[in-house]
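Welcome, and thanks for taking a look at this structure. Please open the view below and keep it at hand while you read the briefing.

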Amino acid sequence: MMSIALQMKDITIDFPGVRALDQATFQIDSGDVHALIGANGAGKSTLMKVLSGAYTHYSGTIVIDGKQVEIRSPKDAKAHGIQIVYQEVDTALIPYLTVGENIMLNHLVSDMGKSQWVNYQKIHQEASRVLEDLRINVSSKQLVSSLTLAEKQMVLIARAISSKCRFLILDEPTAPLSTAETDQLFRIVRKLQEEHVAVIFISHRLQELFEICNYITVMRNGRFISEDTIQSVTVNEIVEKMLGKKMDEQFPVIEKTTGESILEVNRLRDADKVNDVSFHVRSGEVIGLAGLVGAGKTEICKALFGASEKVEGSITLHGKRIKPKIPAHAAKAGLAFVPEERRKEGILVEEDVVTNMTSANLKDFTRFFSFLNFSKERKVTSQMVERLGVKTPTIETKLQNLSGGNQQKVAIGKWLVTDADVYIFDEPTKGVDVGSKKDIFTLILELAKRGKAIIYASSELAEIKGITDRAYIIFDGKVVKEVNTKDVTEEDLLFYSTGGRDE
Amino acid sequence: MSSNSSEANLSSPKEKKSGFDFFQFLYKYGTIITIVVLIIVFSVANPSFLSVNNLINILRSISIVTIIAIGLTISLSVNGFDLSIGSVASLANAVVISMFVWHSQSTVVAIAVALLCALLVGLLNAFLIVKVRIPDMLLTLATMFVIQGVALTYTRSATISENMIMPDGSYSTGTISEIFGKIGQVPFIIIIMFAIVILVHIFLTYTKHGRYMYVIGGNQEAARLSGIPVNKYKILAYLLSALFAAIGGIVLASRVMTAEINAGGNYLMDAVAAAFIGLSVLGAGKPNAFGTFVGAVLIGILANGLVMMSVPYYAMDIVKGTVFALALALTYYKMK
């Protein structure tokens, strides 16, 4: 019998102060799609970075086709046919070059030899061939800057397989994709599978693993926990393994009473996406803006918060019409907004927890002449850190040293400090591990219990079902349906989100 | 590979380093250690380096650079940049002297008009950067030329001084007031510098407004979505930047009592160097007034000491540039 195509044994890697991987093992055979999962910080990305040659200082062995190999640089990894597509696609693409040039970048860099001239015809020919192979409907001559996120990701996959590719690592490829785009990605993955490429699939969306993967490896705290065939496990078992304990109900239940309408939005429009959107929120109520990625939920949130230009329509808060031209107006009126793109829009990665926590409401931390009251800042931050369960060594720790879930808690926490009336959450659980997710749900429901009005925008329909009281389903920038969440199923939500109509 | 190297930076959370880290130490104290070493070397080479007179001399010589660099520090704090500060200093210099010499105005009017001109430039910068959204570095490069030209045109490319020959052949009659002349002399010039350093340090570190500026500099979009009026603070930053450049130009005018052609231009590069050397002082990691002052001190000591050691003036820039490069190496090597 042939040996397994790739084995990683006893991989250990230390970073100053932490052991990121502790004798981790992983194996995959040709033609498998193998899920690698774990909570944030479990070490799955680190393990894949080891495999792709991003780190040099690990110990342990990597065996390919029964022979031990040394992978200490990206070049080594590529020589063995290991290719990786990272989650942040924009960091790996050059926006002002064409699709073809981006796909053929590896060749431009390493296979040029003595040749000094770029043969554009050949580049576009070969790139087109790869695109055609994968049936990706993008022209080789298009500029990458004009592509959608999903298309960019496909360009990256095309780049990966344009060179020798036996092992393809996809790091959370579906996180930013809509359902249709995910289906297309899966089609490509299956095609690669037929060509005996081994695909390692990292994802937080457990459901979809059952659709595409045939093996699943769970990691926790830098260690290997289990490897199973996908048919032999359930979502609950996986979550249990990820957390190392029994998962209770994912969505907490908190008794709360709904009061009168606080925010009313009428015929909201922006310059391109948002089209005639009306809804209202009562105090103590959590409403959902449900819809697929790209449906316009983020745009609605931003228009509401004064963060877009050319907004029309009326926004009434406590019976008073408000016209937030810039977010500062909205915040002053009593709105709070936790944006989707945490690192880009929500937090200051190079600042400490204190600065982040007080940044939305600094005027409450000042004395005469706007002088800052440092001790009050520290006191309130400490309280907030404790209340939210932010795992941080000290409150002076820079945010870049915290995990995604904890960063998100800080991004939410800074608005709790302001004590707003209406909270807008845009995909608050994106890139957050299961444990932190539950903390965030609890937090949101407690806010509602205190009489706040909550707007919860998400493409995770299970979350809409689990946490909201009412939901507006958004499709193509419009509200297509309003539902009482308890009366509908997740499937119903999906039906309307994908453009389904009654009758 | 581009994909991998850029991704490596986004790697998973790293814990704080434990134990002694040589580069961390150099990063924090490198500039100060360099200053101390320079002082020791220069005073061994020439004992009069440490004389009170010479120390005052150094402080006086760096005061104008420091004042201008402080303005730059404020624009850097919102992650902006202002290359027009040298030209603004020239303009303020020309305007204040001309107010005395050509128009026989009082000290208050002369200074006020000069500051007003600078604020107009600051407003223009701010408008084009914030509203028209031209990248700061490019826009201020453009206004640097424009304002330099405006100053030249205004002075008709001549040096303005008392009793100068006017275009109609007569002599100018205005005089520069005595009080104005005091501004550029010891001790006032040094007092003004310290006052500005301390005030701006307090403003940036201890007030809400300073904190907002750093937040904007750290992540403009996050700041905006936190409800911080980003544009307002960016406008303020460019106004302050121009204002301090003008104060630098006015102090310069008082010190030399004339308005030479493009007199402020020479201060631009020193100010940039001082502000960037200041980034790392005591591990601040961001633009800060105290650091900028330390950066200016480093440059000042270097220049003064080298003169004392009879290094020819034309070789000075080699040393200055090298020190600047080393300081930047310390700052950016750490970020790797």
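A helix axis here is a line fitted to C-alpha atoms over the stretch in contact, and angles between axes run from 0 to 180 degrees between N-to-C directions. With that in hand, the axes of helix α3 (residues 52-77) of chain B and helix α13 of chain B come within 8 Å and cross at roughly 140°. Please keep in mind that this is a predicted model. The briefing starts with confidence, then turns to helix packing, backbone details and domains.

**How confident is the model?**

- The scores for the model are ipTM 0.74 and pTM 0.76.
- For chain B, the average pLDDT is 88, and 93% of its residues score at least 70.
- Residues 1-18 of chain B call for care, as pLDDT stays under 50 there. For this stretch the model has 37 contacts beyond four places in sequence.

**Helix α13 of chain B and its partner α3(B)**

- In handedness, the crossing of α3(B) past α13(B) is right-handed.
- On the α3(B) side, the contact is made by N54(B), N57(B), I58(B), S61(B), I62(B), V65(B), T66(B), A69(B), I70(B) and T73(B).
- On the α13(B) side, the residues are A289(B), T292(B), F293(B), A296(B), V297(B), I299(B), G300(B), I301(B) and N304(B).
- By class, this contact of α3(B) with α13(B) holds 11 nonpolar and eight polar residues, with no charged ones.

**Helix α13 of chain B and its partner α2(B)**

- Helix α2 (residues 22-45) of chain B also packs with helix α13 (residues 289-308) of chain B, at an angle of about 20° and with the axes 10 Å apart.
- The two helices α2(B) and α13(B) are therefore roughly parallel to each other, and α2(B) passes α13(B) in a left-handed crossing.
- From α2(B), the residues that meet α13(B) are T31(B), I32(B), T34(B), I35(B), L38(B), I39(B) and F42(B).
- They meet V294(B), G295(B), V297(B), L298(B), I301(B), L302(B), G305(B) and M308(B) in α13(B).
- Here the contact of α2(B) with α13(B) has 11 nonpolar and four polar residues, and again no charged residues.

**A perpendicular pair in chain B**

- Helix α9 (residues 208-218) of chain B packs with helix α11 (residues 230-256) of chain B at an angle of about 105°, and their axes are 10 Å apart.
- That angle makes α9(B) and α11(B) roughly perpendicular to each other.
- Y212(B), M213(B) and I216(B) of α9(B) make the contact with V230(B), Y233(B), K234(B) and A237(B) of α11(B).
- Six residues of this contact between α9(B) and α11(B) are nonpolar, none is polar and one is charged.

**Backbone details in the loops of chain B**

- The peptide bond from V186(B) to P187(B) is cis, with omega near 5°. You can find P187(B) in the loop between α7 (178-183) and α8 (188-206) of chain B.
- N163(B), a residue other than glycine, has a positive phi, near 60°. Look for N163(B) in the loop between α6 (136-154) and α7 of chain B.

**The domains of chain A**

- Chain A is divided into domain 1 (6-243), domain 2 (260-334 + 420-503) and domain 3 (342-418).
- The centres of domain 1 and domain 2 of chain A, taken over C-alpha atoms, are 34 Å apart.
- Where these two domains of chain A touch, domain 1 gives 10 residues and domain 2 gives nine.
- Helix α9 (residues 235-243) of chain A supplies the largest share of the domain 1 side, three residues.
- That domain 1 side, touching domain 2 of chain A, has seven nonpolar, three polar and no charged residues.

Technical notes
Residues are numbered from 1 along each chain as its sequence is written. Chains are lettered from A and ligands numbered from 1 in the order in which they are written. This is a predicted model: local features need pLDDT of at least 70, side-chain atom pairs count only at pLDDT 80 or more; totals for chains, interfaces and linings use all residues. pLDDT is the predictor's confidence in each residue, from 0 to 100. Two residues are in contact if their C-beta atoms, placed from the backbone, lie within 7 Å. Helices (H or I, at least four residues) and strands (E, at least two) are DSSP runs, numbered from the N terminus. Angles under 35 degrees count as roughly parallel, over 145 as roughly antiparallel, 65 to 115 as roughly perpendicular and the rest as oblique. A crossing is left-handed if the near helix is turned anticlockwise from the far one by less than a right angle, and right-handed if clockwise. Ala, Val, Leu, Ile, Met, Phe, Trp, Tyr, Cys and Pro count as nonpolar, Asp, Glu, Lys and Arg as charged, and the others, Gly among them, as polar. Domain bounds come from an automatic or database domain assignment.
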